[in-house]
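Hi,

Here is the structure I promised to pass on. Have a look first, and my notes follow below.

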Amino acid sequence: MRVHISRLLLLASVWSTCTGAGNWCYQSQVNCTSSCKGPDSWHELYEDCNKNRQSPVNIVTRKTKLDHKLTPLRFGGYQDVFTSTLKNNGHSVKVNVPHLANVSGGNLRGTYKAIQFHFHWGEEGGPGSEHTIDGEQYPMEMHIVHMRQDFKSLEEALKDPTGVAVLGFFYEESRSANRKYDKLIQALRKVEHPEANTMLEDISLSNLISSEENMTKYYRYEGSLTTPNCTETVVWTVFEHPIPLSKEQLSAFSSLKFTDGKPMIKTFRPVQPYKGRTVYRSGSTVVMISFTLLLVCSALGLSQLY
């Protein structure tokens, strides 16, 4: 054990010497010639990254708490087709949502307007999601970022403990390609280099996510942005049912480049400690069935059965 610990201390010393000062980056970018700060050192640049409500987390299902208030979410404008810009921002690829699309219900504290969505992935379809379920890391994760619609800007929303709501969607490898993602995957070829952008035409948020019947099971907790400044004002909703993409589609994201020119791979922050927080799980399926039966029985005059 002593030998093991001493080796860890030696590695930590080398790690500290190698990383030096610089901007934030992912672990896959860190080596002895880089000047950027990897996830373990983000707090040296942004103090919030070392606080008590950090994201992502490993969701341990047996420790989650059932909450019947977590009913199915209501989506507005998610079906609307829009055109926007897909951009390589040097850390990921991001698409702004230019029209009014929102989410409410599910015990969210108000209605939240969609602002943008982006992705986190591994290497060539390998493990790359930010959140994990019982220690399992999926190949990729999409975040749709929303701000509460009573705020005028994201900067303003980030000052409120419940100002931002992020929906997280996992991806799994499938044998066949997901044709709903064809336009997005093709557009990736045009944004290989940092700051490159291209038009992404005729897409909708509903086409990119799971069907409504596959979104009744989800997890909820209070956390943070998963990139600096790591601000702790995010209400997280992480859906259980993954979205299928083929190996080739997942691997397409690995063709992009970071700001430093290195392959854009393993773009995820490691899971963070709970520090006393609770992750809740939806009980929406039971609630929906009970409510439906109640309505049917009421219509048939069978209320005495309840």
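Let me start with a pocket: strand β13 (residues 218-223) gives the most to the lining of the second largest pocket, with 3 residues. (Strands are DSSP runs of E, at least two residues, and helices are runs of H or I, at least four, numbered from the N terminus.) That pocket has a volume of about 260 Å³, and 14 residues line it, with N107, R109, R220, E222 and V235 nearest its centre.

A word on how to read this: it's a predicted model, where local features need pLDDT of at least 70 and side-chain atom pairs 80 or more, while totals for chains, interfaces and linings use all residues. Residues are numbered from 1 along each chain as its sequence is written, and side-chain values use heavy atoms, leaving out hydrogens and water.

A pocket here is an open set of points on a 1 Å grid over the protein atoms alone, where a 1.4 Å probe fits, with protein on both sides within 12 Å along at least five of seven lines; lining residues have an atom within 4 Å of a point. Volume is the space filled by probe spheres set on the points, joined across faces, edges and corners.

The largest pocket holds about 540 Å³. Among its 23 lining residues, Q116, H118, L225, T227 and P228 are closest to the centre. β7 gives the most to this lining, with 4 residues.

Then there's R148, in strand β10 (residues 140-148). R148 counts as buried because its relative accessibility is 13% (buried is under 20%, with a 1.4 Å probe and protein chains only).

Cheers

Methods:
Buried < 20%, exposed > 50% of the residue type's maximum accessible area, 1.4 Å probe, protein only.
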